[in-house]
Amino acid sequence: MSAYVDDATLALRLATGTSEILKGVRSVGLLEGPGLGAAGDDLAQTWIERVLSRHRPDDGFLSEEAADNLERLKKNRVWIVDPLDGTKEFAGGRQDWAIHVALVENGIPTHAAVGLPDAGQVFHTGSAKAVMGPRANKIVVSHNRQPEVAQVIADKLDSEVVRMGSAGAKAMHVLLGDYDAYVHAGGQYEWDSAAPIGVCTDAGLHCSRLDGSPLRYNNEDVYLPDVVICRPELKDTILEAAAEFKKEHGHY
């Protein structure tokens with residue numbers, strides 16, 4: 001029988017262990033491209049699922065890499081994970097990929113960890129603190145698609161727009177003070193943001209939908225189309241710019 005591990009430690013160890021597995025798989029050079037990405041997804045998913053089935057067999061589970069079991073809707077505790085956020089970036093040898101692990105209780109992430117393996121860092125609730133130094137005058141958006149509203153927000157903040165892969169990587173770089181905000185619109189799912197939102201909220205950043213409403217997890221429909229993570233003092237400017245844009249265009 002395995003020794004009991006508390007929720008915070010379990011989230012941290014899951015993200016840390018998955019980071020080590022994926023770094024090892026990539027470093028030996030036996031696979032590349034889509035084959036490497038698929039192997040990374042499969043190995044990370046298998047390990048996380050096996051650990052949770054041993055240590056938290058009664059909790060719900062939602063993952064990008066597994067079929068959705070709607071029995072989770074009956075549970076107050078659900079682990080929401082993205083075993084490898086940024087599969088293309090991982091397979092392409094880039095650094096902007098991440099590991100997401102979050103325990104959601106009654107719709108809110110309570111314990112979360114985000115691993116940035118190539119940076120050798122795992123950020124987790126109870127430890128991470130947002131860097132609140134001078135503004136970077138940059139906002140970060142998706143590498144694949146820049147939402148139209150992002151440029152409007154950047155103009156309001158007199159800031160540059162920078163593209164990056166992995167929601168977790170973008171969120172953690174806001175936490176580190178490299179960017180003032182992460183703005184996303186156009187489609188995400190609960191596993192893309194649960195862990196980053198858990199860590200960033202706990203670290204003192206503002207986190208919400210672009211209309212200012214709170215992010216809630218473990219829904220039947222796991223689609224979450226938009227999110228903003230930012231320095232608290234920029235919240236009003238960002239949300240007002242987003243509201244004006246939507247009023248004029250009907251979307252973000």
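The exposed residues Glu240, Lys247 and Glu248 sit on the face of H7 that is turned away from its buried side. Here "exposed" is over 50% relative accessible area, "buried" is under 20% and "partly exposed" falls in between, with a 1.4 Å probe and protein chains only. On the buried side you'll find Ile238, Leu239, Ala241, Ala242 and Phe245. These cover an arc of only 160° around the axis, which puts them on the same side of H7; the arc is that of the directions from the helix axis to the C-beta atoms.

A word on what you're looking at: this is a predicted model, where local features need pLDDT of at least 70 and side-chain atom pairs count only at pLDDT 80 or more, while totals for chains, interfaces and linings use all residues. Numbering starts from 1 along each chain as its sequence is written, and side-chain values use heavy atoms, with hydrogens and water left out.

H7 runs over residues 235–249, and its 15 residues should span 21 Å at 1.5 Å a residue, which agrees with end C-alpha atoms 21 Å apart.

H4 has its own buried set: Val149, Ala150, Ile153 and Ala154. Looking down the H4 axis, these fall within an arc of 140°, so they line one face of the helix. That set packs against H7, S8, strand S6 (138–142) and strand S7 (160–164). Just past H4, Asp158 has a positive phi of about 55°.

## The listed binding site

UniProt, in an unreviewed entry, gives Glu64, Asp82, Leu84, Asp85 and Asp192 as "binding site". They span 129 residues in sequence, yet no two of their C-alpha atoms are more than 10.0 Å apart, so they gather at one spot. Glu64, Asp82, Leu84, Asp85 and Asp192 are also part of the lining of the largest pocket. (A pocket is an open set of points on a 1 Å grid over the protein atoms alone, with protein on both sides within 12 Å along at least five of seven lines; lining residues have an atom within 4 Å of a point. The UniProt annotations may be inferred rather than shown by experiment.)

Glu64 is in the loop between strand S1 (60–63) and strand S2 (77–85), and is partly exposed at 36% relative accessible area. Beyond four places in sequence, Glu64 contacts Val81, Asp82, Leu84 and Trp191. Asp192 belongs to helix H6 (residues 190–203) and is buried, at 12% relative accessibility. With neighbours within four places set aside, Asp192 contacts Asp82, Asp85, His100 and Ala167. The Asp192 side chain also reaches the backbone nitrogen of Tyr189, at 2.8 Å.

Gln188 lies in the loop between S8 and H6. Buried or exposed? Gln188 is buried, with a relative accessible area of 7%. Its side chain makes a polar contact with that of Tyr182, at 2.8 Å. (That takes a pair of N or O atoms within 3.5 Å; within protein, one must be able to donate a hydrogen and the other to accept it, and residues adjacent in sequence count only if both atoms are side-chain atoms.) Not counting residues up to four places away, Gln188 touches several others, including Ala167, Ser193, Tyr223 and Pro225.

Terms used
1 Å grid on protein atoms, 1.4 Å probe; cavity = no way out; pocket = protein on both sides within 12 Å on 5 of 7 lines; lining within 4 Å. Helix = DSSP H or I, 4+ residues; strand = E, 2+ residues; numbered from the N terminus. Contact = heavy atoms within 4.5 Å. Expected span 1.5 Å × (residues − 1).
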